[in-house]
Amino acid sequence: MKFIRKLRCRKSVKSSNHTLPSMIRFLLRSAEFSDVSALYHLASQAALLNLPPDRRILEEKVDRSIRSFSDLSSVEDAEYLFVLEDRETNGIAGASMIRPYYVSFTRPHYYFRVVQKNSYQILKLGCTTEAMSGIGGLILDVNYRGGVQKLGKQISLIRLLYAAMFPDKFTSFILSELMAPVDDNGVNHFWEKLGRRFTGMKYDKALAFARQKNRSFIHDYFPDELILSAAEQPIHRSREAVMISGKGEQHILEKTGFRYLHTVDPMDGGLHYGTPLQEMTLFAEGNSYPVKEAKLSTGEMKLSLIGMIRDGRFQGGCVPVRIDGGMARLPLPVIRFFGIRRLDRIFIAPFR
């Protein structure tokens with residue numbers, strides 16, 4: 001891990017007894033077996049490839065995540081699953097994940113490269129086995145959306161914070177896919193017009209193949225090049241072709257250093273975003289500090305994401321911090337909430 005990089009954060013809060021309680025209500029942590037039922041409930045709210053509403057698969061993912069945080073899994077099989085715990089209700093408000101080796105020699109990455117030509121588009125089928133890390137599914141319970149705490153942003157960024165904490169566990173490039181638009185009936189017209197045309201499969205069957213990490217059928221069925229005419233504008237791909245519920249995630253990715261790669265998933269037309277790890281803002285602006293107590297009534301504090309490892313498990317949150325003389329000064333309620341011991345080192349990055 002790299003230390004002593006200057007922390008820069010514009011967003012700040014005045015430390016007070018009125019602001020702290022809401023800030024220390026939520027805990028971002030690594031998933032545990034006791035979370036499976038809550039994860040199943042969350043997964044039922046969204047059709048995500050990486051977090052499906054299947055208890056067996058979710059149990060396997062939690063097991064792999066626990067082993068990964070404990071460094072018991074092989075590097076290529078590692079998978080980190082995070083949850084957002086509401087300590088007031090003891091419920092799980094959200095979940096997200098990241099994989100150090102989403103793309104590898106044994107896991108090829110298929111894509112369409114989008115080439116704009118006046119009023120029509122050319123989709124060129126491509127494939128790479130160059131190692132890349134990958135951001136997985138993200139879910140926030142509908143009852144927690146739209147709050148001032150920006151919980152969706154917290155559960156999204158915490159996985160990137162972990163990558164910034166342990167860059168040696170990840171590849172030099174991180175990939176993310178945004179969900180493509182669907183109609184009011186949940187139909188993905190990109191698949192209906194293209195995927196189903198060439199494979200004869202319904203989308204749920206193709207998705208089942210993908211969940212088994214078997215995407216060889218893409219190379220077997222799809223032509224090397226497709227031309228989308230001007231009349232097929234509804235399935236043209238551009239930066240705007242994102243599901244409405246995914247616009248917030250798109251905004252978060254762009255603020256964190258990710259950019260649209262002008263490639264899309266051949267299955268659903270989901271946009272691919274990516275960034276070199278070292279250009280990610282949480283890596284460039286994050287740092288590790290020893291901790292001391294800060295009195296609530298003194299100084300201006302910066303709202304920041306924090307993360308730490310305790311007994312092979314990860315925990316973190318979004319709290320006010322003041323950096324002073326190479327130390328991270330946190331209010332005592334925050335220190336107690338996270339069980340931080342004197343001179344423990346925690347990783348801190350701006351939350352903005």
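At 0% relative accessibility, D86 counts as buried (buried means under 20% relative accessible area, exposed over 50% and partly exposed in between, with a 1.4 Å probe and protein chains only). The model is predicted, with local features requiring pLDDT of at least 70 and side-chain atom pairs counted only at pLDDT 80 or more, whereas totals for chains, interfaces and linings use all residues. Residues are numbered from 1 along each chain as its sequence is written, and side-chain values use heavy atoms, with hydrogens and water left out.

The side chain of D86 meets that of R25 in a salt bridge, with an N to O distance of 2.7 Å (a salt bridge is a side-chain nitrogen of Lys or Arg within 4 Å of a carboxyl oxygen of Asp or Glu). This pair links distant parts of the chain, as R25 is placed in the loop between α1 (20–23) and β2 (26–30) and D86 in strand β3 (residues 80–86), 61 residues apart. Helices (H or I, at least four residues) and strands (E, at least two) are DSSP runs, numbered from the N terminus. In contrast to the buried D86, R25 is partly exposed, with a relative accessible area of 23%.

In total, the structure holds 20 salt bridges. Another of them joins the side chains of E32 and R313 at 3.3 Å, N to O. E32 is partly exposed, its relative accessible area being 23%. Both residues also belong to a network of salt bridges that links R29, E32, D35, E85, R87 and R313. A further salt bridge is formed by R239 and E254, whose closest N and O atoms are 2.8 Å apart. Here R239 is in the loop between β9 (225–228) and α8 (247–255), while E254 is in helix α8, 15 residues away. R239 is partly exposed at 37% relative accessibility, and E254 is likewise partly exposed at 22%.

Strand β7 (residues 132–140) is largely enclosed by the rest of the structure, because 8 of its 9 residues are buried. β7 pairs with strand β4 (residues 91–103) in the antiparallel sense over 6 bridges (two strands pair if DSSP finds at least two bridges between them). Within this pairing, L140 of β7 stands opposite G94. β7 is also joined to strand β8 (residues 173–177) by 2 bridges, and these two strands run parallel; G134 has L175 in β8 as its bridge partner. Together with helix α4 (residues 151–165), β7 and β8 make a right-handed β-α-β unit, right-handed meaning that, with the strands pointing away from the viewer, the path from the first strand over the helix to the second runs clockwise.

T199 is placed in helix α5 (residues 189–199) and is buried, with a relative accessible area of 12%. Its side chain makes polar contacts (pairs of N or O atoms within 3.5 Å; within protein, one must be able to donate a hydrogen and the other to accept it, and residues adjacent in sequence count only if both atoms are side-chain atoms). A polar atom of the T199 side chain lies 2.8 Å from the backbone oxygen of G195, and the T199 side chain reaches the backbone nitrogen of M201 at 3.0 Å. Leaving aside residues up to four places away in sequence, T199 touches W191, F217, Y221 and F222, contact meaning heavy atoms within 4.5 Å.
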